[in-house]
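Student: I have the model open in my viewer and would like to go through it with you. Could we take it one question at a time?

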Amino acid sequence: MSLLITIAKRAGRTLLLILFAAGGTILLVRFAPGFFSDSREMDAKYAQAALAEIQAENNQQQSVGWIAIQEVKGWLSGGFGVSRQYHVPVAQLIGARVRVSAFLLAQGIFRGWLLAICAALPISALRKGAVLWRLPFTLLLSIPTAAMATACILADAGGPVLVLSLLIAAREFNFLRNLLEGAWRSPHLLQGRAQGMSPRALVTLHILPNVVPQLCALTTLSIVTALGALVPIEVIFTVPGVGQLAWSAVMNRDLPVLVAVSLLMACVVGFAGMLSTRTVTLEAV
Amino acid sequence: MKKRIAAAILLLLILGATLVLRMSRYDYAFQDREAIMAPSTAQHWTGTDELGRDRTVRVAAALLIGLTGAAAAAITTMIAACFGLLAAFSPRWVAAILMFLSDAFLSLPWLFLLMLARSLLPLTASPLETAVTTFLILAALGWPACARAIYRGASVLRSAEWMIQGHACGLKTRQLIRLHILPHLRSLLLPQFLICVPAFIVAEANLGALGLGVGEPMPSWGAMLLELENSALLAQSHWVYLPIALLVAVLLILESFTTEVETNA
């Protein structure tokens with residue numbers, strides 16, 4: 001029962017955070033200079049009366065409450081409103097791009113983690129020279145995502161998945177190495193080594209099962225990192241995903257798209273956080 | 001030792017950049033129309049860009065502007081310290097609200113949040129205004145994770161025995177924070193500040209590469225990364241890679257500070 005209450009509380013908090021993110025985006029965009037500028041006002045073919053009508057229509061849409069109500073109506077109808085930029089339903093715009101971004105995220109996170117684990121496992125067991133082996137990851141950490149993506153394009157090698165994987169690997173490597181270093185030094189592992197257990201057996205039977213809860217929690221961080229990196233990667237590689245849509249919406253002050261993307265991102269981060277906390281708590285029990 | 005070498009290199013880079021800006025006869029915005037996309041010459045040591053602007057001067061200016069990230073990091077650490085301490089020494093409901101607020105900021109990926117906030121500012125802002133705004137936004141949005149760490153640290157210290165002793169001696173909470181809590185939190189605040197500096201420089205570079213960073217003609221790492229997309233410029237000179245090489249070097253130096261402080265902690 002207490003578990004259900006805890007889950008309900010967490011779900012409620014996540015929902016509140018998502019609504020807060022949506023409200024914040026509406027406020028931010030509403031007060032952005034030039035938000036109510038209408039390209040039709042500069043079009044000579046509109047008569048004075050028509051222009052006055054357009055202005056009156058825009059003035060009516062100025063209150064935050066009105067915008068919020070329209071947004072909620074859009075969410076309830078499942079359409080998320082109509083994009084100001086493309087004049088198509090936002091759900092349709094996002095639906096087509098979510099698959100592309102989700103695939104990119106999944107591949108990037110999976111490969112990044114694989115690379116980080118494969119590197120951290122042997123390096124964490126080293127007693128000397130670990131600094132030298134850590135150098136490539138420190139170097140990767142010092143390269144901005146945009147620069148990494150541009151370098152890939154220049155070298156005509158790799159693509160968005162490689163950049164995302166390298167970024168995730170660089171970010172998670174240090175956490176993993178610290179975690180595994182602690183695991184290698186634990187007394188039961190020293191005992192196992194003294195008894196002649198093979199490193200493979202130590203890793204599969206003792207180290208990995210012990211660090212799984214922490215790894216689950218770290219995955220949430222990877223999702224947040226990957227979501228943040230999605231924008232420059234998709235823009236530079238011209239991947240038609242949610243990141244590129246968000247960038248284009250930001251540049252064109254497309255409120256319905258921005259609110260929908262913010263909601264989507266807040267949902268992913270919120271639920272991933274909720275899930276990882278639950279996993280860690282349950283494992284602790 | 002490692003920290004001292006890193007600090008010395010960083011200081012040398014800053015001094016070098018300042019000297020270049022002082023001694024050069026070109027301004028970072030000056031366009032030499034006779035030397036568009038020029039290779040390395042006696043006038044332009046590292047060549048010019050597609051508008052004929054001296055690359056050495058621009059890189060030097062970008063280095064100094066990028067290091068303004070340190071000021072933004074200081075502001076964000078101060079905001080985080082205020083939030084964390086306020087939450088730790090307030091009634092529980094105030095702490096809950098403040099931590100919910102920090103969670104709300106953390107519920108969106110940082111770069112997306114930065115992009116959102118930065119893009120919604122006036123389009124007609126001057127280059128200096130865009131630079132100040134960019135770093136102020138970084139400072140204004142970078143505090144939540146740091147505030148959470150400080151809140152946790154301050155909460156532990158609040159229930160320490162010497163705090164109870166201090167209260168019993170008649171010291172006010174404000175005095176206790178100033179005289180005892182803040183010095184104890186220094187080991188937490190310094191790493192937070194050092195983590196923020198490279199993070200802000202990287203964020204500025206990413207924003208700049210998306211066209212949302214410091215406005216032209218003011219040089220910035222992000223804007224200089226965009227040069228790499230110009231294939232004609234790349235074919236002309238290898239000096240185009242200078243900004244990215246220098247940026248990585250600066251970030252590596254800053255990362256080494258962070259690693260050392262984390263190891264000592």
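Student: When H4(A) passes H7(A), is the crossing left-handed or right-handed?
Tutor: Helices are DSSP runs (H or I, at least four residues; strands are E, at least two), numbered from the N terminus. A crossing is left-handed if the near helix is turned anticlockwise from the far one by less than a right angle, and right-handed if clockwise. By that rule, the crossing of H4(A) with H7(A) is right-handed.

Student: Before we go on, what pLDDT do local features need here?
Tutor: Residues are numbered from 1 along each chain as its sequence is written, while chains are lettered from A and ligands numbered from 1 in the order in which they are written. This is a predicted model, in which totals for chains, interfaces and linings use all residues and side-chain atom pairs count only at pLDDT 80 or more, whereas local features need pLDDT of at least 70.

Student: Back to that helix pair: at what angle do the axes of H4(A) and H7(A) cross?
Tutor: Axes are lines fitted to C-alpha atoms, for helices over the stretch in contact, and angles run from 0 to 180 degrees between N-to-C directions. H4 covers residues 90–125 of chain A and H7 residues 160–184. Their axes come within 6 Å and cross at roughly 35°.

Student: And how many nonpolar residues does the contact of H4(A) with H7(A) have?
Tutor: Ala, Val, Leu, Ile, Met, Phe, Trp, Tyr, Cys and Pro count as nonpolar, Asp, Glu, Lys and Arg as charged, and the others, Gly among them, as polar. Five residues in this contact are polar and four are charged, and the nonpolar ones number 21.

Student: Now the two chains: which helix gives the largest share of the side of chain B that touches chain A?
Tutor: Two residues are in contact if their C-beta atoms, placed from the backbone, lie within 7 Å, and 28 residues of chain B are in contact with 36 residues of chain A. Two or more residues on the chain B side come from each of H4 (92–106), H5 (110–119), H9 (173–209) and H12 (242–264) of chain B. That side has 22 nonpolar, three polar and three charged residues. Its largest share, seven residues, comes from H5(B).

Student: Which residues have the most contacts inside the largest nonpolar core?
Tutor: A nonpolar core is a set of buried Ala, Val, Leu, Ile, Met, Phe, Trp, Tyr and Cys residues joined through C-beta atoms within 7 Å. Buried means 20 or more other C-beta atoms within 10 Å of a residue's own, exposed 12 or fewer, and partly exposed in between, with C-beta atoms placed from the backbone. The largest core has 120 residues, and those with the most contacts inside it are B:Leu114 and B:Met115.

Student: Which chain A residues is B:Met115 in contact with?
Tutor: Neighbours within four places in sequence are left aside here. Within chain B, its partners are B:Leu207, B:Leu210 and B:Leu212. From chain A come A:Val231, A:Trp247 and A:Val250.

Student: Why does B:Leu212 count as buried?
Tutor: B:Leu212 is in the loop between H9 and H10 of chain B. Besides B:Met115, its contacts beyond four places in sequence are B:Arg118, B:Ser119 and B:Leu207; B:Ser119 is 93 residues away in sequence but 6.4 Å away in space, C-alpha to C-alpha. B:Leu212 counts as buried because its C-beta neighbours inside 10 Å number 24.

Student: Which peptide bond is cis, with omega near 5°?
Tutor: Look in the loop between H9 and H10 (221–225) of chain B, where B:Pro217 is found. The cis bond runs from B:Glu216 to B:Pro217.

Student: A:His87 is not a glycine, so what is its positive phi? Is the residue buried or exposed?
Tutor: A:His87 sits in the loop between H3 (64–76) and H4 of chain A. Its phi is about 60°. With 7 other C-beta atoms within 10 Å, A:His87 is exposed.
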